[in-house]
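Here is a short report on a two-chain model. Keep the sequence and the 3D view open while reading.

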Amino acid sequence: MQKKVESRGISHESRASIPWPDEVHRVLIDANVRQVGYVPDSGHARLIDLVRANRGMRAIPLTTEEEGVALAVGAWLGGERSVLLMQSSGAGNCINMLGMANELRVPLLTLITMRGHWGEFNPWQVPMSQATAPSLAAIGAVVHTVDRAAEVGETVAAAAQLAFNTCRMVAVLISQRIVGAKEFR
Amino acid sequence: MKHRTPTLDRRRVVADILRQRGDALVVAGLGAPVWDTAAAGDHALNFHAWGGMGGAAMIGLGLALAQPKRRVLVITGDGELLMGLGSLATIAVQQPRNLAIIVMDNERYGETGMQDTHTRFGVDIAGMAKAAGFRASGTVFGATQLKTWIPRLYKQAGPVFAAIKVTTQPVPMVLPVRDGAAIKLRFREALLGARAFE
C-alpha cells in the first residue's frame with residue numbers, strides 16, 4: 001500500500017567535504033555514546049547505517065520515539081550514554097517521557113531532522129514541526145537549531161557536552177534546508 | 001472467554017521474588033509496584049518510577065544493555081505496561097538475555113480509582129510478549145505455578161515476561177524516596193561507585 005517516494009534534496013547547501021552524518025558519527029564515538037535509539041527518518045538514514053555498522057554502538061529501532069527517552073534513562077542508570085534520533089513529526093510523542101528525564105536530571109541528547117518548514121510538500125508535517133521547538137523548550141530541553149551542513153558536527157558536539165556535563169536534555173534541530181525537502185513522485 | 005479471578009497476594013509475591021534478588025537490579029513501575037517493592041525492603045539498586053507511565057520496560061532495556069552481566073528485573077503494573085506495548089517489540093528485537101519483565105496484573109488502574117484495565121477484559125499481555133519474540137512468557141495464577149516461575153525470572157535466558165495475576169485486596173502504602181534526582185544518584189552510586197559523579 002506504500003507508494004514508493006523518491007527523496008531528492010532541493011537544498012542549495014553546498015556539500016561539506018565530509019558529509020554531516022559522518023561528522024556526527026565521529027562526534028558520538030568521541031562522546032562515548034553507545035545506545036542509539038531511533039525511529040528512522042530519511043534525513044538520518046546515513047547516520048543510522050553508520051551506527052549499525054559500528055560494533056561499538058547498538059542501533060535500537062523503536063516503535064515510538066518516547067521509548068528512546070525511557071531507554072536513555074535506563075542506559076544512564078546503568079552507566080552508559082545514549083542518543084535519540086528522530087524526525088520532527090515524532091517530537092510530540094516524547095513530551096511526557098521528557099518530563100521524567102527532567103525530574104531525574106538524566107542527560108538526554110536528541111538529534112531531530114526537521115520537516116514542515118523549508119519547502120515542505122506534506123501539510124500534515126507542518127503543525128508538529130512548528131510545535132517542536134516550543135514544546136521541547138516547555139518541557140525543559142535546551143534547543144539548538146542548525147541550518148548549515150558544515151555546522152552540524154560542531155553543534156552536536158557542543159550539545160553532547162552540555163547534555164552529559166550538566167545532566168540536561170538537549171535537542172539539536174537539523175533544518176529541512178540541510179536534509180532537503182522530500183519530493184513525492 | 002470466562003474470567004478467572006486472581007488469588008495471589010501482591011505483597012507476598014513481590015517479597016518472594018525479591019528475597020532471591022542477589023545482585024539483581026530492579027526497576028519498579030509507577031504506583032502499586034513501587035509500594036510493593038518498597039514494602040519488600042529499601043534497596044539502593046531499586047529504581048522507583050513515580051511517573052513516566054509506559055516507560056518502565058524500556059528503562060529496563062537501557063539498563064540491561066548497559067549492564068549485561070547483571071540481571072535486571074522490571075516489576076510493573078498492567079496499566080503501565082499497556083501504555084507501552086510497543087516496547088515489547090523493541091525489547092524482543094534486542095533479545096537481552098539478562099532482562100525479565102514482571103507485571104503485577106491486578107487488572108486495574110490502581111492509582112486513579114481501581115478502574116478496570118484491558119487485561120480485565122481478556123487482553124493477554126503475556127501472549128503479546130510471546131508473539132513479539134520474548135524467549136519465555138507466561139501468565140501466573142497460582143502459588144505452585146509461581147514457585148516454578150521465580151527461578152526463571154533470574155536464570156532463564158531472556159527476555160522473559162511474566163504476568164502475575166494478583167488480587168485487588170487493599171494493602172498499606174509504603175512510600176520510598178520520591179525525589180527523582182536523588183533516586184537516580186543513589187542507584188548510580190551503588191552500581192558505579194565514584195564513576196557515578198564524573
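## Helix 3 and the sheet of chain A

This is a predicted model. In chain A, helix 3 (residues 66-77) lies across strand 1 (33-38), strand 2, strand 3 (81-87) and strand 4 (108-113). This helix runs at about 175° to strand 3 of chain A.

The sheet in chain A is open and has six strands. Their order is 2-1-3-4-6-5, with parallel pairing. The edges are strand 2 (58-61) and strand 5 (142-146) of chain A, each pairing on one side only. On average, neighbouring strands of this sheet are turned by 20° against each other, direction ignored.

## Strands 5 and 6 of chain A

Strand 5 of chain A runs parallel to strand 6 (residues 169-174) of chain A, and five bridges join them. His144(A) stands opposite Val172(A) in strand 6 of chain A.

## Where the chains touch

Chain B brings 27 residues to the contact, and chain A brings 26 residues. On the chain B side, helix 3 (56-66), helix 5 (86-94) and helix 8 (180-192) each supply at least two residues. Helix 3 of chain B gives the most, with eight residues. By class, the chain B side has 13 nonpolar, 11 polar and three charged residues.

## The nonpolar core

The largest nonpolar core has 111 residues. Those with the most contacts inside it are Val69(A), Ala72(A), Val73(A), Ala101(A), Ile174(A), Ile102(B) and Ile164(B). Helix 3 of chain B gives the most to this core, with nine residues.

What does Ile102(B) contact, leaving aside its neighbours within four places in sequence? Its partners are Ile17(B), Leu73(B), Val74(B), Ile75(B), Leu153(B), Ala162(B) and Ile164(B).

Methods: Residues are numbered from 1 along each chain as its sequence is written. Chains are lettered from A and ligands numbered from 1 in the order in which they are written. This is a predicted model: local features need pLDDT of at least 70, side-chain atom pairs count only at pLDDT 80 or more; totals for chains, interfaces and linings use all residues. Two residues are in contact if their C-beta atoms, placed from the backbone, lie within 7 Å. Helices (H or I, at least four residues) and strands (E, at least two) are DSSP runs, numbered from the N terminus. Ala, Val, Leu, Ile, Met, Phe, Trp, Tyr, Cys and Pro count as nonpolar, Asp, Glu, Lys and Arg as charged, and the others, Gly among them, as polar. A nonpolar core is a set of buried Ala, Val, Leu, Ile, Met, Phe, Trp, Tyr and Cys residues joined through C-beta atoms within 7 Å. A residue is buried if 20 or more other C-beta atoms lie within 10 Å of its own, exposed if 12 or fewer, and partly exposed in between; C-beta atoms are placed from the backbone. Two strands pair if DSSP finds at least two bridges between them. Axes are lines fitted to C-alpha atoms, for helices over the stretch in contact, and angles run from 0 to 180 degrees between N-to-C directions.
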